[in-house]
Amino acid sequence: MNKSPRANRLHIGIFGKRNIGKSSLINTLTNQSVSLVSDIKGTTTDPVYKAMELLPIGPVVFIDTAGIDDAGELGNLRIKKTLNILEKTDMAIILLDFKTNNLHYEKELIDKFKKKNIPFIGVVNKIDIEDGDIEGLKEELNMDIFKISTKTKIGIEELKEKLITLSKYIEEENFIIKDKIQKNDVIIQVTPIDKAAPKGRLILPQVQTIREVLDANAINIVVQDTELEETIELFGDKIKMVITDSQVFGNIKDIVPREILLTSYSILFARYKGELLEFVRGIKAIRNLKDKDNILISEACTHHKQKGDIGRDKIPRFLEEISEKELNFNWSSGNSIAEDISNYNMVVHCGACMINRKEMLSRIQRAKEKNIPIINYGIFLAYKHDILERALEIFPEIKKELY
């Protein structure tokens with residue numbers, strides 16, 4: 001559990017004013033000194049992440065944020081970072097106290113939680129040194145509020161129980177491939193080892209997919225694209241499905257017999273992390289692109305760019321070839337994406353293995369609100385190699401959107 005990638009953990013954001021006890025709470029919940037605690041306002045400047053296991057939920061990550069009432073030019077930047085955390089927050093804790101007469105900041109934050117469908121609860125800290133009208137707070141804010149003390153640990157276990165209850169309202173577990181395969185199915189996974197492949201290890205989507213196949217009690221065969229043809233000859237009609245890295249779709253599509261299902265990690269992750277249907281719909285917009293249209297290529301991770309890089313080289317080149325237009329490209333990477341995407345005519349996104357589903361859905365929603373088509377690397381590459389229809393055969397309800 002402690003080695004579960006952050007992107008696969010339930011994200012619990014802790015919000016509130018400066019010096020109200022957010023850092024103390026995260027230290028208490030994790031039983032570690034994760035966040036710096038001080039009586040000086042504004043101690044927390046950047047979001048602090050701490051992964052832990054919260055049974056029976058499983059792996060979670062708590063996020064400590066800067067105060068929503070921060071002041072000055074730097075304070076405004078800190079508030080902006082705090083609000084950006086909402087894009088990846090699965091559920092939220094908002095800290096309160098009995099001394100506040102003006103709940104303006106808290107009410108604004110609660111409105112944002114509701115708008116983004118984030119389950120939330122209120123917490124009053126420091127009840128070991130002060131007390132007040134908890135019912136009045138509940139009525140004014142119209143929310144559940146728990147009384148705790150991070151110093152004496154009063155109410156901490158009850159708060160954890162409430163978090164466990166809240167987690168049940170978050171959407172049910174989704175799968176990469178487990179729901180599409182059965183026990184003893186033979187699954188070939190094609191993982192090319194080239195200059196872009198990390199030395200000594202596989203990339204996260206490959207590892208996660210291998211694990212899901214094992215969880216389904218199916219049979220994994222992992223090969224490079226250069227050994228695929230020989231592997232198919234060896235196992236023949238025992239093979240149910242081939243899952244490949246999108247970059248070698250063109251190399252292997254004629255090697256895999258038509259009766260064997262063929263798809264890619266990016267297509268599987270388009271469903272697992274985002275909205276496969278929306279990405280497929282976005283493909284239709286490629287033919288409508290015009291000269292000098294602006295394209296945003298967004299990657300959720302940061303990595304050293306090399307010659308032949310998929311995001312910097314291949315995607316732009318292929319997109320211009322298919323659209324037969326000269327396009328303007330911009331890039332974003334990591335946790336940042338342009339705040340205003342209204343000037344873009346299309347967004348092309350990676351498989352999102354390094355961000356959680358909540359954040360990917362937020363990015364898709366932003367594109368939908370602006371009426372901007374959004375597509376996914378793997379879906380685009382399958383389309384480019386004239387194999388998208390085949391790659392979607394395991395999702396017949398999505399495949400029909402191509403027609």
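A residue is called partly exposed when its relative accessible area lies between the limit for buried, under 20%, and the limit for exposed, over 50%. The structure described here is a predicted model, and Arg281 falls into this middle class because its relative accessible area is 39%. Its partner in a salt bridge is Glu278, with the closest N and O atoms 3.9 Å apart, and Glu278 counts as buried because its relative accessibility is 17%. Because Glu278 and Arg281 are three residues apart in helix H10, about one helical turn separates them. Salt bridges with shared partners also join Lys88, Glu359 and Arg363 into one network.

Side chains of opposite charge can pair when their charged atoms come close. In this model the count of salt bridges comes to 19. One of them is formed by the side chains of Lys17 and Glu106, at 3.5 Å from N to O; this pair links distant parts of the chain, since Lys17 lies in the loop between strand E1 and helix H1 whereas Glu106 belongs to helix H3, 89 residues apart. Both Lys17 and Glu106 are buried. A further salt bridge connects Glu275 with Lys368, whose closest N and O atoms are 3.3 Å apart, and here too distant parts of the chain are linked, with Glu275 in the loop between helices H9 and H10 and Lys368 in helix H12, 93 residues apart. Glu275 counts as partly exposed at 24% relative accessibility, and Lys368 is likewise partly exposed, with a relative accessible area of 34%.

On the surface, Glu227, Glu229, Glu230 and Glu233 gather in a patch of negative charge. Of these residues, Glu233 is placed in helix H7 and is exposed, because its relative accessible area is 63%.

In the interior, Ile375 of strand E14 counts as buried, at 0% relative accessibility. Leaving out residues up to four places away in sequence, Ile375 touches several residues, including Phe279, Ile286, Val347 and Phe380. Thr150, located in the loop between strand E6 and helix H5, is also buried, at 13% relative accessibility, and, apart from neighbours within four places in sequence, is in contact with Ser24, Leu25, Thr28 and Asn125.

Lys126 lies in the loop between strand E5 and helix H4, and Asn184 in the loop between helix H5 and strand E7.

Methods:
Residues are numbered from 1 along each chain as its sequence is written. This is a predicted model: local features need pLDDT of at least 70, side-chain atom pairs count only at pLDDT 80 or more; totals for chains, interfaces and linings use all residues. Side-chain values use heavy atoms; hydrogens and water are left out. Patches are made of residues with over 30% relative accessible area and no salt bridge: like charges are joined within 9 Å, nonpolar side chains (Val, Leu, Ile, Met, Phe, Trp, Tyr) within 5 Å. Accessible areas come from the Shrake-Rupley method with a 1.4 Å probe; for residues, only the protein chains shown count as cover. A salt bridge is a side-chain nitrogen of Lys or Arg within 4 Å of a carboxyl oxygen of Asp or Glu. Lys and Arg count as positive and Asp and Glu as negative; His and the chain ends are not counted. The place of a charge is taken as NZ of Lys, CZ of Arg, CG of Asp or CD of Glu. Helices (H or I, at least four residues) and strands (E, at least two) are DSSP runs, numbered from the N terminus. Buried means under 20% relative accessible area, exposed over 50%, partly exposed in between (1.4 Å probe, protein chains only). Contact means heavy atoms within 4.5 Å.
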